[in-house]
Amino acid sequence: ALERTLSIIKPDAVGKNVIGAIYNRFESTGLRIVAAKMMHLSKEQAEGFYAEHKERPFFGALVEFMTSGPIMVSVLEGENAVLRHREIMGATNPSEALAGTLRADYAETIDENAVHGSDAVESAAREIAYFFSDEEICSRTR
Ligand code: CMP
């Protein structure tokens, strides 16, 4: 089905100056960027986005990292976009990420792992709405 997913290029990857390289991976596999903005999250914004992880031991470090510099937040659209984006990213832990995936190429550790992507269609809808209004999303069919 035609889906949308939320993609975040995290502060480590923005710092490595690889926004374009990462966008190229999305576009070369047919995913379309239908919304995008650079943001520097506040603590409150990062805590709200990752609210489902608030009891996890890594939550404090996660919020600290995600607020440490600018991020690039995008909505990607395409057939099976959620799963395809996850495949392009690779495993959450870069030491387990397959060769050729974004995390294998750009991530150093599980805490600083270059990219985030929605894990399901339902979470994608929630995550997209967290950052974008409907008017900011430019659906494209050609
Ligand atoms: P992300 O997809 O952005 O969602 C939550 C983030 O927490 C995850 O990527 C990792 O960068 C980070 N994290 C740190 N430790 C863990 C862990 N043990 N399991 C899952 N995520 C972790």
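**Exercise 1. An aromatic pair and its neighbours**

Task: Are Phe49 and Tyr50 buried or exposed in this predicted model, and which class of ring pair do Phe49 and Tyr50 form?

Solution: 
- Step 1. Start with burial: Phe49 and Tyr50 are both buried.
- Step 2. Turn to the geometry. The ring centres of Phe49 and Tyr50 lie 4.9 Å apart, and the planes meet at 80°, so this pair is edge-to-face. The cut-off to recall is that planes over 60 degrees apart count as edge-to-face.
- Step 3. Look around the pair. Phe49 and Tyr50 belong to a cluster, linked by ring pairs, that also holds Tyr130 and Phe131.

**Exercise 2. A second pair, inside one helix**

Task: How many aromatic pairs does the whole structure hold, and what separates Tyr23 from Phe26 along helix α2?

Solution: 
- Step 1. Searching the whole structure gives 5 aromatic pairs.
- Step 2. One of them joins Tyr23 and Phe26: with 6.3 Å between the ring centres and 45° between the planes, the pair is tilted.
- Step 3. Now place the two residues. Tyr23 and Phe26 sit 3 residues apart in helix α2 (residues 19-28), which means about one helical turn lies between them.
- Step 4. Check the burial: Tyr23 and Phe26 are both buried.

**Exercise 3. A threonine and its contacts**

Task: Where does Thr5 lie, and which residues does Thr5 touch beyond four places away in sequence?

Solution: 
- Step 1. Find Thr5 in strand β1, which covers residues 2-9.
- Step 2. The relative accessible area of Thr5 is 0%, so Thr5 is buried.
- Step 3. List the partners. Leaving out residues up to four places away in sequence, Thr5 touches Ser74, Val75, Leu76, Ala81, Val82, His85, Ser118, Ala124 and Ile128.

**Exercise 4. A histidine in a loop**

Task: Is His53 buried or exposed, and what does His53 touch?

Solution: 
- Step 1. His53 belongs to the loop between α3 (43-49) and α4 (59-66).
- Step 2. The relative accessibility of His53 is 19%, so His53 counts as buried. The limit for that label is under 20%.
- Step 3. With residues up to four places away in sequence set aside, the partners of His53 are Phe58, Phe59 and Leu62.

**Exercise 5. The whole protein**

Task: What pattern of helices and strands does the protein follow along the sequence?

Solution: 
- Step 1. Count the elements: the protein has 7 helices and 4 strands.
- Step 2. In sequence order they read β-α-α-β-α-α-β-α-α-β-α.
- Step 3. The radius of gyration is 14 Å, close to the 14 Å from the globule rule for 142 residues, so the protein is as compact as a globular protein of that length.
- Step 4. Finish with burial: 46% of the 142 residues are buried.

Methods. Residues numbered from 1 in each chain as written. Predicted model: local features only at pLDDT ≥ 70, side-chain atom pairs only at ≥ 80, totals over all residues. Heavy atoms only, no water. Helix = DSSP H or I, 4+ residues; strand = E, 2+ residues; numbered from the N terminus. Rg over C-alpha atoms; globule rule 2.2 N^0.38 Å. Buried < 20%, exposed > 50% of the residue type's maximum accessible area, 1.4 Å probe, protein only. Phe/Tyr/Trp six-rings, centres within 6.5 Å; stacked < 30°, edge-to-face > 60°. Contact = heavy atoms within 4.5 Å.
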